[in-house]
Structures are given as C-alpha cells and as structure tokens.
Amino acid sequence: MGNKSLTLIGLGPMGLAMVNTYLDNGYQVTVWNRTAAKAEPLVARGAVLAPTVEEALAANELVVLSLTDYDAVYAVLEPAAGSLSGKVIANLTSDTPEKAREAAAWAAKHGAKHLTGGVQVPPPLIGKPGSSTYYSGPKDVFDAHEEALKVLTEADHRGEDAGLAAMYYQAQMTIFWTSMLSFYQALALGQANGVAAQDLLPYAKMQFAMMPHFLDLYAQHVDTASYPGDVDRLAMGAASIDHVTHTHADAGVNTTLLDAVSAIFHAGMDKGFAENSFSSLIEILKKQAG
Ligand code: NDP
C-alpha cells in the first residue's frame, strides 16, 4: 500500500480533474498553480495550497505535473531546481518525444527521476474506467508509483526511453487529427450537396467501424516490408483518390487536404509501386536512409 500523498502542479482543466479525483480517493494533495485562485475550490475540499513551488516540491516525493507544455514545466521548475533532489516527477504534460528526453536528463542533473506521461482522455474521463495514459521512463520508478498513477487512469508503461510515452501519444494524435479532418472533409462535401452532417453520420460511423480490418492487414504489410497487390493495387487507389479530389473540386469544396493525400499517392506511382498494395505508400512516408 503506497503513501497516499502527492503534490500536483498545474491546475488547468486537466490538473483540476486530477486533483479532484485524488481527493475523491482519499489522497492528501498539495497543489501549486501560477494562478493561485484556481486552487480555491480544491482547498475547500481539503487540498493544501503551497505558497511556493519549493514548498510544493518539499511536501511529497511524488510530484505530478499537468502544464501546457514543457516550456511551462521549465518556467515553473527551473527557479526551484534546488528542491528537486530525491523527487519523482510524473510529467503528464504533453509535448514532443525529444523534449521529454531532454526533461528526463535535466531532472536527473538535479537529482530527480522523471516519468513521461501521455494522457489519452479529456478531463471528464479522469478517474473513469476505460481511460488510459502512456508512461515511459525507469520501470522500477513506475512500479513504485503505479498505484497512485492508476487512480487517474489505467497506466500503460511502454518502455524505459523517456520519449516513448510522448511518441505513442503523438502517434495516436496523428491518427485522431487527420481522421477527424477527413470526417469534416466528407461533411463539407455533403453540405455542398445539401446533405446534413446527421444524414452522413451513420455512414461515416460504418466506415470507421470497418477500419480495424484494414489496420490489421496493412500493419502486417508494413512490418514485413511486403506490399502484395492481391487485394488492392496502388494504381486503383491513385485513380480513386483522383475521383475523390475531383468530386470535391466540382462541388466547390476546399481540396487542400485531398491534394496533399493525392500527392502522396502519385509519389508512390512515380516510384513504380503501381502494382503493389497502397500500403507501399509507407515507403514514401517513412524516414529515408542516409
Ligand atoms: P492548460 O493549458 O489549460 O493548463 C495549463 C496549466 O499550465 C495551468 O495550470 C497554467 O497555469 C499552467 N501554465 C501554462 N503556462 C505556464 C507558465 N509559463 N508558467 C506557469 N504555469 C503555466 O492545459 P490542460 O489542463 O487542458 O492540460 C494539461 C496538459 O494535459 C497539457 O499538456 C495537455 O496537452 C494535456 N492533455 C489535455 C487534455 C485535455 O483535453 N485538456 C487531454 C489530454 C492531454 P495558469 O492557471 O496560471 O494559467
């Protein structure tokens, strides 16, 4: 049974949800926020507002950070770096893998251990079943604090490299943002043809529900670097994406997104992948040797 006491720095919507969840679960929580007034409802529920970052750090071994980005992390911690020794920083601030690696090295320089976290759910789902957070960093440190971290969400430790949690998070956000834009693109086409979003919605859901089948098949292609054109050929895909783009252009809809997608298909055609599956487009996207 771990020590049910921690410090949480950063009281945006996410940090507020986290502190409330810890309080609901009987934790003693010390908080600090640049705008101290945001702590008032938490103090009313029993949280302790530390007057300085130094005092917030001194209160507990485990320090959870929920800040806008890593620039904000340094803005808060750099002036108090002398108080970091012996602390475990669970940094649930989103940013790039490179910044997470730098922060882990920076924390180590000041005698602290760093766990990177990538929270996969919005604030209302903190503390709710089915939510999850990617973690990376030293496994023994993660194990020692897993119980406290799991109060917020399920905790999925992805490896020792501090950048990994951020990489998984950004990979997932890549899928989220681009697929949501494809949804809006389809809705714009619908609107241009007098079809409401609500009328396209069931068909969009059907399309998304079919995606896992494709993901399973094409992940295998990518991992084996073999792109057999037995189910689909890139030449067919390139013709199809041209039809899609022309359909949107004819309807007067913005084609910026589709032009970018089309450019990738045609780069694959130019490379001679016409008879391969369109999964061969990974060869256009991936990091090039040298
Ligand atoms: P906000 O940007 O609203 O939180 C901002 C927090 O960072 C506040 O406490 C703010 O202080 C503080 N802050 C920002 N800049 C500085 C600075 N220069 N110096 C000191 N403090 C600073 O973010 P959220 O609460 O929404 O999210 C927190 C983290 O969680 C982010 O990294 C976000 O990407 C991630 N996340 C958020 C999700 C969401 O849906 N909200 C979902 C998944 C992850 P002040 O109150 O004084 O402004």
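Helix 1 has 12 residues, which at 1.5 Å a residue should span 16 Å, and the 17 Å between its end C-alpha atoms agrees with this; the expected span is taken as 1.5 Å times one less than the number of residues in the helix. Helices (H or I, at least four residues) and strands (E, at least two) are DSSP runs, numbered from the N terminus. The model is a predicted one, in which local features need pLDDT of at least 70, side-chain atom pairs count only at pLDDT 80 or more, and totals for chains, interfaces and linings use all residues. Residue numbers start from 1 along each chain as its sequence is written.

The confidence of the predictor in each residue is given as pLDDT, on a scale from 0 to 100. The average pLDDT of the protein is 97, and 99% of the residues score at least 70. For the complex, the predictor gives an ipTM of 0.98 and a pTM of 0.92. The secondary structure of the protein consists of 11 helices and eight strands. The C-alpha trace spans about 65 × 50 × 35 Å along its principal axes.

Burial was assigned from C-beta atoms placed from the backbone: a residue is buried if 20 or more other C-beta atoms lie within 10 Å of its own, exposed if 12 or fewer, and partly exposed in between. On this basis, 33% of the 290 residues in the protein are buried. Two residues are in contact if their C-beta atoms, placed from the backbone, lie within 7 Å. Among contacts with a separation of 6 or more, 60% join residues 24 or more positions apart.

Beyond four places in sequence, Leu-23 is in contact with Val-29, Arg-45, Gly-46 and Ala-47. Gly-46 is 23 residues from Leu-23 along the chain, and their C-alpha atoms are 7.6 Å apart. Just after helix 1, Gly-26 has a positive phi of about 80°.

A nonpolar core is defined as a set of buried Ala, Val, Leu, Ile, Met, Phe, Trp, Tyr and Cys residues joined through C-beta atoms within 7 Å. In soluble globular proteins, nonpolar side chains tend to be buried together. The largest core has 55 residues, of which Met-18, Val-19, Val-31 and Val-64 touch the most other members. A second, separate core has five residues, including Leu-234, Phe-273, Phe-278 and Leu-281.

Ile-126 is located in the loop between strand 6 and strand 7 (132–136). This residue counts as buried because it has 24 C-beta neighbours inside 10 Å. Apart from residues up to four places away in sequence, Ile-126 touches Ala-17, Met-18, Thr-21, Val-121, Ser-131, Leu-152 and Thr-153. Pro-79 lies 47 residues from Ile-126 in sequence, with 30 Å between the two C-alpha atoms.

Glu-160 lies between strand 8 (154–157) and helix 7, and is partly exposed because it has 13 C-beta neighbours inside 10 Å. Leaving aside neighbours within four places in sequence, Glu-160 is in contact with Ser-136, Gly-137, Pro-138 and Lys-139. Val-195 is in the loop between helix 7 (164–192) and helix 8. Ala-225 occupies the loop between helix 8 (197–224) and helix 9 (234–250). With 11 other C-beta atoms within 10 Å, Ala-225 is exposed; its phi, near 50°, is a positive value in a residue other than glycine.
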